[in-house]
Amino acid sequence: KGFTRSSKLLSHQRVHAGDHPFPSPLSGDHFAMASRALPHQRVHTSGQPYDCPYCGESFDSSRGLHQHRRVHTGDQLPPLRQAVQENTGAAGAPADNHRREIL
């Protein structure tokens, strides 16, 4: 597997090495990436700080709220992501590199 950033490679290597240096102070669980520890802490605190302005439903991540808002607004996926999800592909190496970054 190829990586465009050395930090991504390091995170990936932790998965295979079993290295989980980021602990959850509430449960003692450990994570290979710091970015996974905060969402996990919300499991213990029932923290869902992202509220839908249309219906009031709460989410534990801004991404979850953003995806949910499409229910109310009818917005479609951005063209590149839609092409990836539909497996139609996007032309060109820059699009392929971008696809690796966002997925």
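Where in the chain is the place of S24?

A: S24 sits in the loop between β1 and β2. Before going further, some ground rules. The model is predicted, and for that reason local features need pLDDT of at least 70 and side-chain atom pairs count only at pLDDT 80 or more, while totals for chains, interfaces and linings use all residues. Residues are numbered from 1 along each chain as its sequence is written, and side-chain values use heavy atoms, with hydrogens and water left out.

The chain has five helices and four strands. Read from the N terminus, their order is α-β-β-α-β-β-α-α-α.

S24 is buried, because its relative accessible area is 2%. Here buried means under 20% relative accessible area, exposed means over 50%, and partly exposed lies in between, with a 1.4 Å probe and protein chains only. Of the 103 residues of the chain, 19% count as buried.

What does S24 touch, apart from residues up to four places away in sequence? The list is D29, F31, H40, Q41 and H44. A contact means heavy atoms within 4.5 Å. The side chain of S24 also makes a polar contact with the side chain of S27, at 3.4 Å. A polar contact is a pair of N or O atoms within 3.5 Å; within protein, one atom must be able to donate a hydrogen and the other to accept it, and residues adjacent in sequence count only if both atoms are side-chain atoms.

Q41 is partly exposed, because its relative accessible area is 22%. Leaving aside its neighbours within four places in sequence, Q41 is in contact with S24, P25 and L26. Q41 and S27 are 14 residues apart along the chain, and their C-alpha atoms are separated by 8.3 Å.

The expected span is 1.5 Å times one less than the number of residues in the helix. A37, H40 and R42 are buried in α2. The cover over the buried residues of α2 includes β1 (22–23), β2 (30–31) and β3 (50–51). Just after α2, S46 has a positive phi of about 55 degrees.

β3 also belongs to the cover of another helix, α3: together with β4 (58–59), this strand is included in what covers the buried residues there. α3 has 12 residues and reaches 16 Å from its first C-alpha to its last, close to the 16 Å expected. Its buried residues are G64, L65 and H68. Seen down the axis of α3, these buried residues fall within an arc of 90 degrees, so they line one face of the helix. The arc is that of the directions from the helix axis to the C-beta atoms. On the other side of α3, R63 and H66 are exposed. Just after α3, G74 has a positive phi of about 75 degrees.

H68 lies in α3, which spans residues 62–73. H68 counts as buried because its relative accessibility is 13%. Not counting residues up to four places away in sequence, H68 touches C52, C55, E57 and F59.

Two of these contacts are the cysteines C52 and C55. A disulfide is counted when a pair of cysteine sulfur atoms lies within 2.5 Å. C55 is in no disulfide, and a search of the whole structure finds zero disulfides. C52 counts as buried because its relative accessibility is 3%, whereas C55 is partly exposed, with a relative accessible area of 46%.

Notes: Helix = DSSP H or I, 4+ residues; strand = E, 2+ residues; numbered from the N terminus.
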